[in-house]
Amino acid sequence: MNRITRPRGRTILASGIVGLVSFALLVPPGAQAAPVVADVTTAAQVADDTADDPAAAQPVAPASEEAEFAPQADTGPDEAESDGPVPLLAPESEPLVATADATGFAVVGVTWSGDADEDALVVEVRTSRDPQAPADGDTGWDAWEQVDAEPSPDGTLDGTEPVVVGDVARVQARVSGSEQVRDLKLTVVDPGTSAADDDVPAPPEGTSPGGASVAAAVTARPSISSRKAWGADERIMTWTPRQGSIRGATIHHTAGTNTYAQADVPRIIRGIYAYHAQTRGWGDIGYNFVVDKYGRVWEGRAGGVTRQTIGGHAVGYNTNATGISVLGNYETATVSNAAVSAVVRLVAWKLSLHGVPATGSTTINGRSVPRIFGHRDVSATACPGRTLYAKMGEIRRRAAAAQEKAAAQDVQGSIPDGSFVVNPGGKVALVENGRKHLAYCSVVKAYGERCGSLRKVTSAQWKGLVKSTRLQRTVQSNGRLFWIGNGKKREAFDTASLRRAKKSSPSVSLHPDALSRLSYGNPIVRPAVVVVNRSNGNHRLVINGRKHSGRVGGYLRKNTPLGGLDRGYLDRASMARLPGITKTTGVVQGKGGRSFLLTTRGLARIDGTGALRSSAKTQDWGKALKAEVPRVGRWTRVVAVRQNNSGQIYILRDGVLRPVSKARARQLNGGTMPKVHVILKVTKKQFPVGSRL
């Protein structure tokens with residue numbers, strides 16, 4: 001929770017760690033101004049409703065040490081030293097300095113008596129990794145970093161926010177500013193260690209520490225590690241849990257290091273807990289929840305994560321806002337995607353649990369604020385930091401989407417995917433994956449239904465479905481393209497196939513479950529393409545709506561122009577509805593008596609060489625496929641061929657391949673060498689081989 005300041009030097013703490021989200025509660029219209037009667041709960045009455053901790057940390061008693069402040073050391077011969085008591089600070093007085101040893105990942109803070117003037121008071125902290133670093137110099141110390149004052153829950157400004165230091169040996173604090181400050185103390189909290197600290201919960205699957213409407217149902221609850229998991233010593237918890245009325249959420253961050261490992265998080269939370277509970281005298285940690293950069297959620301303040309527990313994180317907003325603290329200084333560091341996603345999951349669940357939408361505004365402490373807001377929105381602070389505050393819009397949108405999905409799924413408990421419904425106002429829609437697609441009765445008929453016999457839903461159920469695009473007859477679903485008609489789904493090879501069939505229209509995306517009740521119809525495939533069966537990967541050449549009975553294997557695709565044809569996929573059920581024709585032989589019989597051989601480079605014309613033998617299996621490819629395969633060579637009555645990977649030349653006559661030498665081929669062609677067409681073995685097999693010419 002950092003105030004906007006201008007740093008005097010480079011940042012000494014790699015990045016700050018703790019950020020706080022607070023949630024405001026929704027109450028019925030007209031009741032927001034009503035007084036809240038707090039529900040007092042003893043610690044013994046609080047049920048442990050957090051996630052199970054198979055390797056929960058043992059309670060660890062933190063240790064605290066205090067260091068007194070003294071005037072800053074002499075910097076010149078004219079400055080007098082004083083051994084007397086520390087005077088009240090005047091604005092023009094010399095800074096006071098305190099130095100103490102620290103253990104890695106200690107939590108430090110400065111406290112005082114009296115209510116400070118936050119505009120005049122300046123508190124700075126620096127650290128050193130050198131245990132011998134001199135207290136009266138700059139050698140071995142990092143630069144000073146300003147630390148914000150943090151009000152107590154009663155509003156008194158009598159201490160700073162907790163600062164989590166990294167792997168350091170010494171810490172030093174410097175205070176200058178307010179004459180009201182007295183009894184200054186630098187507190188260093190050693191959170192201690194536990195053998196179970198290494199058994200912390202794993203981050204949610206697929207996350208990384210790097211990078212960058214009224215809820216009708218409760219969203220999925222995120223995994224929340226209990227106070228036991230981070231080793232809370234309940235003997236120092238002296239605050240009596242009280243319940244408020246949640247209306248919204250606030251996002252915070254704190255000061256300290258970002259360079260912490262997964263196993264460091266439990267002791268970091270223990271340090272903040274001890275500083276808040278003991279040093280500041282709050283009796284417990286102020287935050288309701290803590291989120292780390294790895295995307296894990298931890299229970300903070302006692303009182304029950306499912307209850308409306310009053311926190312101690314934002315003065316004037318604690319009763320109506322739950323607090324989530326993200327470990328990190330996001331004024332300087334980039335908040336991780338994992339942390340943002342964890343906040344989204346947590347805030348969506350927590351707000352929906354209490355009937356509060358993630359979007360819109362509410363009134364707290366007499367002020368209208370967004371239901372999810374940053375600490376800087378209600379206080380003179382930079383919290384939750386530049387990069388985390390930039391994510392506020394995304395957090396609201398994603399949390400709202402999660403709530404809407406949960407609401408739609410709640411409605412879908414009685415309305416299966418793919419069902420048509422009609423609301424009290426007569427509007428018709430298809431229910432799909434929690435969304436409603438408005439439809440005309442003509443489209444409903446195409447899907448095999450009648451508007452007069454649709455399922456009726458209530459206004460509440462209708463509102464619980466997310467409004468989506470208008471239903472169309474062209475549907476995209478899980479990488480597939482369909483045309484819907486007469487209660488059947490006809491899979492299309494591509495949009496060009498739809499245009500050729502004159503069935504082109506705007507499209508709508510649907511979940512496969514919404515189409516599962518429709519049976520497959522004849523697929524729509526333009527000619528001269530290769531279709532792949534999604535189930536087995538078989539390639540089939542399609543001509544005029546018919547598939548070749550044999551596969552177009554890699555041999556043909558690699559060695560002939562067929563490999564250049566457009567290729568796409570169809571479901572097995574669609575492939576089964578395509579009628580079959582003879583497999584590709586490489587001998588093409590066209591209309592008008594023209595015939596061709598499929599060579600490695602294209603179609604070679606062979607009519608005029610005599611009638612083909614009846615043993616040759618020919619095919620009619622049609623104009624579309626012939627247009628896709630180039631013609632090779634000029635037409636001639638002498639057709640010379642050779643098999644791929646063979647040097648033997650043949651002359652095709654009357655459907656028979658007759659071997660010849662090159663000299664004989666030139667002689668037969670009038671003295672010049674005829675063009676020799678290279679054919680594949682599958683084509684050569686269509687002809688008998690005769691005697692040598």
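This is a predicted model: local features need pLDDT of at least 70, side-chain atom pairs count only at pLDDT 80 or more; totals for chains, interfaces and linings use all residues.
I started with arginine 371 and found it buried, with a relative accessible area of 11%. That counts as buried because the cut-off is under 20%.

Next I wanted to know where arginine 371 sits in the fold. I found it in the loop between strand E20 (367-370) and strand E21 (372-374). I then checked what its side chain touches: the side chain of arginine 371 reaches the backbone oxygen of serine 361 at 3.3 Å.

**On to strand E28**

Then I looked up the neighbours of E28, one side at a time.

- With strand E27 (residues 474-477), E28 pairs in the antiparallel sense, over four bridges.
- E27 and E28 make a hairpin, with two residues between the strands. In that turn I noted asparagine 478, which has a positive phi of about 55°.
- With strand E29 (residues 488-491), E28 again pairs in the antiparallel sense, over four bridges. The partner I looked up was that of phenylalanine 482, and it is glutamate 491 in E29.
- E28 and E29 also form a hairpin, with two residues between them. Asparagine 486 lies in this turn and has a positive phi of about 55°.

My sketch for the page: E28 pairs with E27 and with E29, and an asparagine with positive phi sits in each turn, asparagine 478 and asparagine 486.

Terms used: Residues are numbered from 1 along each chain as its sequence is written. Side-chain values use heavy atoms; hydrogens and water are left out. Buried means under 20% relative accessible area, exposed over 50%, partly exposed in between (1.4 Å probe, protein chains only). A polar contact is a pair of N or O atoms within 3.5 Å; within protein, one must be able to donate a hydrogen and the other to accept it, and residues adjacent in sequence count only if both atoms are side-chain atoms. Two strands pair if DSSP finds at least two bridges between them.
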